[in-house]
Amino acid sequence: MRRSWGLGALGVLTALVTACSSVVSGTPVAVQLTKAGPAGPVPAGLERFYGQPLSWGSCSRFAEDEISEQLYGGRELDCALLTVPIDYAQPQGKTAQLGLLRKKATSQSGRVGAVVLNPGGPGESGMTAAASIAKDNWTGELGKRFDLVGFDPRGVGASTPRVKCLSDKEKDAERLEPPIEGADAVARIEKKNQEFAGKCAAATGKDLLANVGTRDVARDMDVLRSVLGEQKLTYLGYSYGTRIGTAYAEAFPGNVRAMVLDGAVEANSDRVTQKVGQINGFKKAFDEYAKSCAQKQTCPLGTDPAQAEAQLDKMLEPLKKQPLAVGDRQMSYSDATIAVAQGLYSDQLWDPLTQGLQDLAKGKGGLLLRFSDFYQGRDDSGRYTGVMDAFTAIHCVDEPPVKDRAVVEDETRRVKAAAPPSPVEDEEDFQPALDTCAFWPVPNTGAPHEPKTAGLPKLLVISTTNDPATPYQAGVNLAKSLGAGLLTVEGTRHTAYLQDILCVDKLVDAYLIDLKQPAEGTKCS
């Protein structure tokens, strides 16, 4: 399964910036201690968390890679740490610290409150996403009326303790491994998956792994709401962030003011439906890209869209046997397929994707490798953010594991029948092997189900017709389940709000500020 990060386009464009700033270590950090909570309902036994003060100061101390180093230096930003219990059943036990990044509303007299942001993944940094949005998009009435607050969920990014499975060197090495094929492929894949699960348990610890799922992130978000002094939560969730929003709405329906859920992950879909929806979504996005590319004589996939997939397969096939040298590194077949998938997240990325494929045709892989690095959370210095480790850890506790090989074989047949493999997909997803979650060392804490909506105000779901990562119908279904309004966006992209689509931004701003829903059936393009 591909990660379904809601801000992929913005993130890649930021990652492609070549200039990097440095963070000065050892410099004293000025902090401002504020206490705005507790606000709203406080669960018994959690008073010390719901009423804690926050020490806001420079964000540069939280930078963990070159992208965050570039973004966190803005003077209008400040950052803090929020303390939460690792296990809510034992609030006097071990705690975790969650990184927070804030841009204050520019007009305190007209301030409505704070918008809490999660960009999806799972495993992506809400701090980095908020800093990126604050830089270019948190303006006008929205910027006047609301603080923007991004948080790194437990186990993710600047939050501690952090999910860790592989070292940076191990991740580099894993990326260079050829696709697992042959008669013994299933056994080899399962061995690799079991070893990975064991490394996660050893490096992270079972206590965090057992409590890193969406159930607990939703609880953390209610602590954050109170500590920020918000009687009710205003939330913006992209992609997997819509699952966090749904979980919060179920657990704390009376604490919700407004929610925008963009690029929805359906709450009640099974594994086959999820896989087929995403595979077909990327296939549709690739077909749209191929049509656009074919209009140019220089298109590296040729001028016949019907032959584009075969041409891409031909270009990537040699990488299975021999990765391509890129300076002192190498770009593998896996890197190239991930890079192409990343380029399909938004039509804004089609031109750089085309350039990357043109380079590949000439024996150059630098741009595609950069795309793959971004997707996998690696910067130019070789540091990984841990997004892929967190993605697996969260996914494995959010849904029940499947340990019955007969079930896996049946699911694989059904997926192949409904969504044939393509060059942008992970070939191992089409092998009838037990996945990593089947070997996960802790039980799941979540499962697909129909959300309970009693007591909720009317939320707003945004769904895009040719979304490659989260199918349009998933948004339609989620809106129906939650009794929410639905804003349809016509286009080929993953998520839409605050991404330079004036129609979307105007309607969603009105909802966040005045709780005014778009008219039923409204579409933007």
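**Aromatic rings and the charges over them**

Okay, let's start in helix H11, where you'll find both Phe-286 and Tyr-289, three residues apart, or about one turn of the helix. Helices here are DSSP runs of H or I with at least four residues, numbered from the N terminus. Quick caveat: this is a predicted model, so local features need pLDDT of at least 70 and side-chain atom pairs count only at pLDDT 80 or more, while totals for chains, interfaces and linings use all residues. Residues are numbered from 1 along each chain as its sequence is written, and side-chain values use heavy atoms, with hydrogens and water left out.

Now, pairs. Rings of Phe, Tyr and Trp (its six-membered ring) pair if their centres lie within 6.5 Å; planes under 30 degrees apart are stacked, over 60 edge-to-face, and the rest tilted. That rule gives four aromatic pairs. One of them is Phe-282 with Tyr-345, edge-to-face, at 5.5 Å between centres and 70 degrees between planes. Phe-282 is in helix H11 and Tyr-345 in the loop between helix H13 and helix H14, so this pair ties together parts 63 residues apart in sequence.

Back to Phe-286 and Tyr-289: their ring centres are 6.4 Å apart and the planes sit at 50 degrees, so that pair is tilted.

Are Phe-286 and Tyr-289 buried or exposed? Phe-286 counts as buried at 3% relative accessibility, and Tyr-289 does too, at 1%. Buried means under 20% relative accessible area (1.4 Å probe, protein chains only).

Last bit, charges over rings: that needs NZ of Lys or CZ of Arg within 6 Å of the ring centre and within 35 degrees of the ring normal. Arg-102 lies over the face of Trp-56, 3.9 Å from the ring centre, and the charged end of Lys-320 is over Tyr-333, 5.1 Å from the centre of its ring.

Note on methods: Helix = DSSP H or I, 4+ residues; strand = E, 2+ residues; numbered from the N terminus. Buried < 20%, exposed > 50% of the residue type's maximum accessible area, 1.4 Å probe, protein only.
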